[in-house]
Amino acid sequence: PFNDGFYKNLKKLDKNKKYGIMDLRGNCIQDALVIAKEVGLNVVELRGGFFYLTEVMNIKPVKER
């Protein structure tokens, strides 16, 4: 599910920071972690995905204007 744009955007991120990666339900996360680590990022999996944060923990995303 990852295209060239995903890879290119990851390469733009600061390699001195730590990032958390999640997807909708936590199903495709391993592929994203591998790609992020290949470009040299320090990444961790945010288990449960977006569904877990929004439905189980009741954390609502902030929308940018």
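## Exercises on a predicted model

Phe51 counts as partly exposed because its relative accessibility is 34%, where buried means under 20% relative accessible area, exposed over 50% and partly exposed in between (1.4 Å probe, protein chains only).

Two notes before we start. This is a predicted model, where local features need pLDDT of at least 70, side-chain atom pairs count only at pLDDT 80 or more, and totals for chains, interfaces and linings use all residues. Residues are numbered from 1 along each chain as its sequence is written, and side-chain values use heavy atoms, with hydrogens and water left out.

**Exercise 1.** Find the element that holds Phe51.

*Solution.* Phe51 lies in helix 3 (residues 49–56). Helices (H or I, at least four residues) and strands (E, at least two) are DSSP runs, numbered from the N terminus.

**Exercise 2.** Sort residues of helix 2 into buried and exposed.

*Solution.* Start with the buried ones in helix 2 (residues 29–38): Ile29, Ala32, Leu33, Ile35 and Ala36. They sit on the same side of helix 2 because they cover an arc of only 165° around the axis, taken from the directions from the helix axis to the C-beta atoms. Next, turn to the other side of helix 2, where Lys37 and Glu38 are exposed.

**Exercise 3.** Name the partners of Leu33, leaving aside its neighbours within four places in sequence.

*Solution.* Contact means heavy atoms within 4.5 Å. With those neighbours within four places set aside, Leu33 is in contact with Ile21, Val43, Val44 and Glu45. Then widen the view: the buried residues of helix 2 pack against helix 1 (4–11), strand 1 (18–21) and strand 2 (42–45).
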